[in-house]
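Please look over the sequence and the structure shown here before reading on. The paragraphs after them are meant to be followed with both in view.

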Amino acid sequence: MLAFIRLITKIGIPIIVGCFVALYLLPSNNSYLFTCKNDFSKRVKKEFIDTAKDWTVRVKKSNTSMHSNSNKGKVVRSRFIATELGIKEKLIVLVLGQSSLSVALNNSIGEHVPRLHVFADVSRVDSDMNTLGNLSPYKPNGQHAHIHILNGISNLTFHENYDWFFLLPDTTYVNPFELMRLVNEINWNNPIAIGMSNKKGKCLLEAGILLSNPAMQSLVQQRHICNSVTAQSDATALEMCIHHATNLSCVQSYQNKQFLWWKVEENNGVYSSIHESISDLSSNNLFNKSLTVSPLLSDLDALSLHSHFVTVEVDLVEDKINELSEAIEKLTFDDGTPTWPIGISPVTKPPNRYLSPTWEYFTEKYIFKNNPVENKYPLENDDLLDIQEIVTAARNFIEKKSKIISDFEGENLDHLISFNHKENQKYTSLLEGEYDSSTISFSKLRQGYRTFNAQRGMEYIVDLDYSFLTNNGEEIIPIRIRLIRPIHKTQLLNQVPYVKEDTDLTIVIGVQNHIEIEGAVRIINKHASYCSIPGFDENRKTLIVVAIRGLSNTYFDQITKSFKHLRYKCKQVLTDGAIVTLKESDTMIQIAAMDEVVDRYGQQMVYLLLSPYADYSKDFMDRVRINTIKHFQIFFPIPFVQFNPLVVNADKIINNLATERDKVQDSFKQDITKDELSLDLLVEDQELVKKILAINELYPISDNTKEIIVHKDFGFFDTNDFSCLSLYGSDYLAVRKRIDENSKIYDLSRLFLNLDDIHFLRTIEPLIKIRSYTRECSEKFSKHDLQKCYASKRMSYGSKAQLANIVFTDLAELKTRVHLFL
């Protein structure tokens, strides 16, 4: 009791005292705290003034960055769409390597399956196996091989990337074509093991084991169960592991598909080499459809088997093609007949007459081509060989001398020749179904036509004259045959190197007279004007080099002044200019310039060789950088070449005056007789030149430095012009040795012909133009170069319509009209 009183005294008395102190210190209603609040409330209510009528609403927009919430709620996408959609590769073949047979299997079937990988004991890896890039060696460390193989599959994540897994030792050959057909026609969704099994239901690795993705996933996840498996061989241990970890037994038939295994027969307990009996087994249908064949005793067995099954596959493909051809022939079409030939795109109907195909007419001696300068050519060289092949094929088809078994490229020709009985009704009535060489004989080629279609190939129509011996004597009957030389051997360039637009570029301009100096100055000033355009040559280095030969220092000052202007305008970009002086020589100016520039600035740069008369747009530089590929491709653009401005202006004057004359009142019209308009058609060139100059004196050209307009009345795309070229310096040096110093060449195009490694890109380029200039065609040029020079020279005068308008215009009458309207 005494202890309780002591506890109350120690605890209770301090509590009571504390309560009294708190009550004493508690503020009353008259304290400052309450009076402050009340006074504040009252004061606010008294002093409130309503000023809503004077308010102005101002909306302040927050200056938040447009990317501040860019990551908020952003969906993280997979790097590859196949990962997001769960798309896997179809098949991987896993080979348990023990010898160099793994190399033979890799070389034979590796190209026909999506992926092949080899696992081998490191102690068995020899020099041949060590060259395999898809080899995973392992150290046994006293364990069975399946432990290391399953760990390797897990580490390489094979079990997540493939639908099917085919396991086999290197002593077993698998037919890759039958294997791909099998995995493409069955579903992989269920855990399944396909193969041959023994009496206990365990899979036989010797025959090969095909596991689905769920089965492999289970095997990899439960591979720890297999650590305790013991067996006499690694193959048996792997078979037991698959059975225990997946609880699956191999099935030979799945979804109506059979697993066929061909086992080589034994002779007195010894296996024979399969390559010795392939010729006998090739007629066995069961052997030809086998999925696997074992055992292999040597590399020759693997290669012989692969060669045989490739032949079997080719025969199957040809049979399918023939079946499809027969099926297509039996189909009904809108016009009642299938396309000819089978499997080649039909002839498309042109939308208008301007897009109609152009046919070339030929006889036994001449061919008439679609050339605006000259269309009649003697039938020779490649054209002659082409026509001779066509005539021979048509004659063989008509005369049945020998069954036509091959075409121009070694394939069946029967479907490439068409014989229309309606067109040759008279011939068929005389022939009566049989060709009799005693009464019918070939006379000559009457005529023929040919045209090129980019989808179909080269098409021909030939009319052959045959002489028939009738009761009334000899009679000539024409027979019309249609042939086609299809494009059925094409090659896709699927390994074109990657090209970027930030490549450094050096522009080379070779000059050797004052006119070319003016052209070079025009190019430099034009390039300087592009530098003010935003984004032009940004982060790209461009160097303009003018190579001068045989000129005085006065002309150097013009180029130096232009380069000074270029540096001032292009100071924001990496653009500069330089002058190179060439030694006096007879070498072509372009070759001399390239030799000096490449030697000075190196081989690892793109060089654009330009004509001093060139005029390019700002986007042309990007086209050059993209189309020029090191050790792979050079670029020869087809430029738009300007007509002679005097001819264009003269034609314009004549047309304008003719229009004005039509507007004059009838009282001022003059009756022009035919004799007054006559003009000698055999006028000499000098007379024509004088006439053109006289017409231009009526209304002289005000400015010839204007931008060239790409139009048929102002120029043409000259396919004979090779004055512009882009290439790497190393590619130029590679072909430099092909130049004959003693011969004079017209351009550099011949240096890049017949090269296996470097492609020759030739395409129409409207962004590069060539101003009108006088071409010098030297008699020292080769025959081919001289023809190209003359063709370009004639075409550059003007169009046929313009020249004809000038020739057939009476100059005196034209001047009369001018004075009439002045």
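This is a predicted model: local features need pLDDT of at least 70, side-chain atom pairs count only at pLDDT 80 or more; totals for chains, interfaces and linings use all residues.

What follows is a walk through the disulfides, a pair of packed helices and some of the salt bridges.

A disulfide is a covalent bond between the sulfur atoms of two cysteines.

Because Cys203 sits in the loop between β6 (193-195) and β7 (209-212), while Cys250 sits in the loop between α8 (234-246) and β8 (253-254), the pair ties together parts that are 47 residues apart in sequence. Cys203 and Cys250 are both buried.

A further disulfide joins Cys531 to Cys570, with an S to S distance of 1.8 Å. Here the torsion about the S-S bond is about 80°, so the disulfide of Cys531 and Cys570 is right-handed. This pair links distant parts of the chain, 39 residues apart, with Cys531 in the loop between α14 (514-530) and β22 (541-548) and Cys570 in the loop between α15 (553-569) and β23 (574-581). Buried means under 20% relative accessible area, and because its value is 11%, Cys531 is buried; Cys570, at 1%, is buried.

Which hand does the disulfide of Cys777 and Cys789 have? The sulfur atoms of these two residues are 1.9 Å apart, and the torsion about their S-S bond is about -90°, so the disulfide is left-handed. Cys777 lies in the loop between β29 (759-770) and α21 (783-795), whereas Cys789 lies in helix α21, 12 residues apart from its partner. Both Cys777 and Cys789 are buried.

We turn now to helix packing. Two packed helices are described by the angle between their axes and the distance between the axes. Helix α5 (residues 145-155) packs with α8 at an angle of about 60°, their axes being 8 Å apart, and α5 and α8 are therefore oblique to each other. On the side of α5 the contact is made by Ala145, His146 and Leu150, and on the side of α8 by Asp234, Ala237, Leu238 and Cys241. Sorted by class, the contact of α5 with α8 has 5 nonpolar, 1 polar and 1 charged residues.

The last topic is charge pairing. Side chains of opposite charge can pair when their charged atoms come close. A search of the whole structure finds 26 salt bridges, one of which brings together the side chains of Glu178 and Arg181 at 3.1 Å, N to O. Glu178 and Arg181 are separated by about one helical turn because they are 3 residues apart in helix α6 (residues 176-185).

Asp383 forms a salt bridge with Arg450, their closest N and O atoms being 2.8 Å apart. This pair links distant parts of the chain, with Asp383 in helix α12 (residues 381-399) and Arg450 in strand β18 (residues 440-453), 67 residues apart. Both Asp383 and Arg450 are buried, and they belong to a network of salt bridges that links Glu360, Lys369, Asp383, Asp386, Glu389, Arg450 and Arg485.

How values were computed
Residues are numbered from 1 along each chain as its sequence is written. Side-chain values use heavy atoms; hydrogens and water are left out. Helices (H or I, at least four residues) and strands (E, at least two) are DSSP runs, numbered from the N terminus. Buried means under 20% relative accessible area, exposed over 50%, partly exposed in between (1.4 Å probe, protein chains only). A disulfide is a pair of cysteine sulfur atoms within 2.5 Å. Axes are lines fitted to C-alpha atoms, for helices over the stretch in contact, and angles run from 0 to 180 degrees between N-to-C directions. Angles under 35 degrees count as roughly parallel, over 145 as roughly antiparallel, 65 to 115 as roughly perpendicular and the rest as oblique. Contact means heavy atoms within 4.5 Å. Ala, Val, Leu, Ile, Met, Phe, Trp, Tyr, Cys and Pro count as nonpolar, Asp, Glu, Lys and Arg as charged, and the others, Gly among them, as polar. A salt bridge is a side-chain nitrogen of Lys or Arg within 4 Å of a carboxyl oxygen of Asp or Glu.
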